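Welcome, and thanks for taking a look at this one with us. Below is a short tour of the model, one topic at a time.

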Amino acid sequence: MSSFQSNQERIITTVIDLLNSNDISADSHQPLLNASIAALEGTITKDTIANVCAIYKFDESLCEDLIQSYSNLFWEVAKRFSVIPIDLSEKLNESGIDSKFAIKFAECFKENFETLKALKSSVSSGVNGWHFADLSWRLDLEFSRRSVRSLVRPTYMLCLDMQRQGSEGHVHKVEHLQADYAGMKHLQSELQSALDELDSVHCQRLMHYIG
């Protein structure tokens with residue numbers, strides 16, 4: 001294939017626009033490429049982003065845009081190829097990306113191919129793993145014991161129903177859990193944080209790029 005299509009084209013267009021609008025020489029892309037791999041691995045930190053900003057003298061928002069775009073490009077290429085394509089730089093160049101950057105990107109992709117392959121495998125295996133199906137709960141109140149009077153102790157009994165696709169259809173598994181009030185409040189807080197993340201600038205930017 002001589003070029004990438006659909007989603008890959010949108011990502012490549014974003015990368016090209018960022019490359020054209022910012023003065024980055026071909027030899028100085030490595031910190032951004034390394035940060036992009038770290039972002040895919042989930043190991044990138046605020047310090048990493050700050051260091052990249054300092055190297056290029058860019059503001060944080062621009063660095064995040066570049067890192068996210070490079071990460072998306074790495075991921076799309078990794079999903080498309082199960083082996084390292086010998087003509088990757090040529091394919092990227094045919095898609096409109098500067099040849100010097102394409103060579104640097106292809107070199108970094110080759111160096112991190114096993115990491116990207118492992119990430120792709122973990123995501124693929126997760127698709128066939130257990131999924132949330134339903135949650136039911138019961139509140140138990142213990143009012144007293146022989147040794148303690150006027151004791152009110154709420155305990156939540158949770159029944160977590162999970163399912164996955166098996167060879168003969170959906171397979172179900174039930175886990176019974178117990179939590180006190182503090183544990184339930186912590187669970188509520190973490191679930192709310194997960195929902196709030198969808199509205200974060202970082203997540204919205206990612207959805208914009210790959211949507």
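Ala39 counts as partly exposed because its relative accessibility is 29%, where buried means under 20% relative accessible area, exposed over 50% and partly exposed in between, with a 1.4 Å probe and protein chains only. Ala39 sits in helix H2 (residues 30–41); helices are DSSP runs of H or I with at least four residues, strands are runs of E with at least two, and both are numbered from the N terminus.

Once neighbours within four places in sequence are set aside, Ala39 touches Ile44, Ile67 and Ser71, a contact being heavy atoms within 4.5 Å.

## How the model is treated

This is a predicted model, in which local features need pLDDT of at least 70 and side-chain atom pairs count only at pLDDT 80 or more, while totals for chains, interfaces and linings use all residues. Residues are numbered from 1 along each chain as its sequence is written, and side-chain values use heavy atoms, leaving out hydrogens and water.

## The chain overall

The protein chain has 9 helices and 3 strands, and from the N terminus its elements follow the order α-α-α-α-α-α-α-β-β-β-α-α. Of its 211 residues, 33% count as buried. Among contacts between residues at least 6 apart in sequence, 64% join residues at least 24 apart.

## H3 against H4

Helix H3 (residues 46–56) packs on H4 at an angle of about 105°, and the axes are 9 Å apart. Axes here are lines fitted to C-alpha atoms, for helices over the stretch in contact, and angles run from 0 to 180 degrees between N-to-C directions. H3 and H4 are therefore roughly perpendicular to each other, a label for angles of 65 to 115 degrees, with under 35 roughly parallel, over 145 roughly antiparallel and the rest oblique.

H3 brings Ile49, Val52 and Cys53 to this contact, and H4 brings Glu60, Cys63, Glu64 and Ile67.

## Aromatic pairs

Which rings count as a pair? Those of Phe, Tyr and Trp (its six-membered ring) do if their centres lie within 6.5 Å; planes under 30 degrees apart are stacked, over 60 edge-to-face and the rest tilted. The count comes to 6 aromatic pairs. Tyr70 and Phe101 form a tilted one, at 5.2 Å centre to centre and 45° between the planes. This pair links distant parts of the chain, with Tyr70 in helix H4 (residues 60–80) and Phe101 in helix H6 (residues 99–111), 31 residues apart.

Tyr70 counts as buried because its relative accessibility is 0%, and Phe101 counts as buried at 1%. Tyr70, Phe74, Phe101 and Phe105 form one aromatic cluster.
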